[in-house]
Amino acid sequence: VWTFLAVRRFWQGDDLRLSQGFAPGEVTTHTVVMLAAGGVLLWQALARRSAGLRRLALAVLGATAAKVFLWDAAGLVGLARVSSFLLLGLALAGLAWLDRWASARAAR
């Protein structure tokens, strides 16, 4: 919640009311923050060898992917939409590979 409000304050100033809507940069910043949080959670799950933390990381990353497909893409057109999906797909594929590698390593 604090991170959401910090991003909101950065883009909207002291007026945090949701009735104003969201600035395009604010929506993108929220996506980047969510993706980074999922990556950090996954990194910590690997370092601690925690299956529960790994599941939480995957839930955060899944929520981020759903947000991009359902909300962020609605405001994009043309090449911006294509590049957004491409970058998200590459990031998720890399994290999926990392998760699979960690699962195989934990099974040993």
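The accessible surface of this predicted model comes to about 7300 Å², and carbon and sulfur atoms account for 70% of that area. The chain contains 4 helices and 0 strands. The points below describe the chain as a whole and then turn to one residue, threonine 64.

**Overall architecture**

- Read from the N terminus on, the elements of the chain follow the order α-α-α-α.
- Along the principal axes, the C-alpha atoms of the chain fill a box of roughly 50 × 35 × 15 Å.
- Of the 108 residues in the chain, 21% are buried.
- Among the contacts in the chain with a separation of 6 or more, 41% are made by residues 24 or more positions apart.

**Charge**

- The chain carries 12 positive and 5 negative charges.
- The mean position of the positive charges and that of the negative charges are 16 Å apart.

**Threonine 64**

- Threonine 64 lies in helix 3, which covers residues 51-70.
- Threonine 64 counts as buried because its relative accessibility is 0%, and the term buried applies under 20%.
- The side chain of threonine 64 reaches the backbone oxygen of valine 60 at 2.8 Å.
- Leaving aside residues up to four places away in sequence, threonine 64 touches Thr31, Met34 and Leu35.

Conventions:
Residues are numbered from 1 along each chain as its sequence is written. This is a predicted model: local features need pLDDT of at least 70, side-chain atom pairs count only at pLDDT 80 or more; totals for chains, interfaces and linings use all residues. Side-chain values use heavy atoms; hydrogens and water are left out. Helices (H or I, at least four residues) and strands (E, at least two) are DSSP runs, numbered from the N terminus. Buried means under 20% relative accessible area, exposed over 50%, partly exposed in between (1.4 Å probe, protein chains only). Contact means heavy atoms within 4.5 Å. Accessible areas come from the Shrake-Rupley method with a 1.4 Å probe; for residues, only the protein chains shown count as cover. Lys and Arg count as positive and Asp and Glu as negative; His and the chain ends are not counted. The place of a charge is taken as NZ of Lys, CZ of Arg, CG of Asp or CD of Glu. A polar contact is a pair of N or O atoms within 3.5 Å; within protein, one must be able to donate a hydrogen and the other to accept it, and residues adjacent in sequence count only if both atoms are side-chain atoms.
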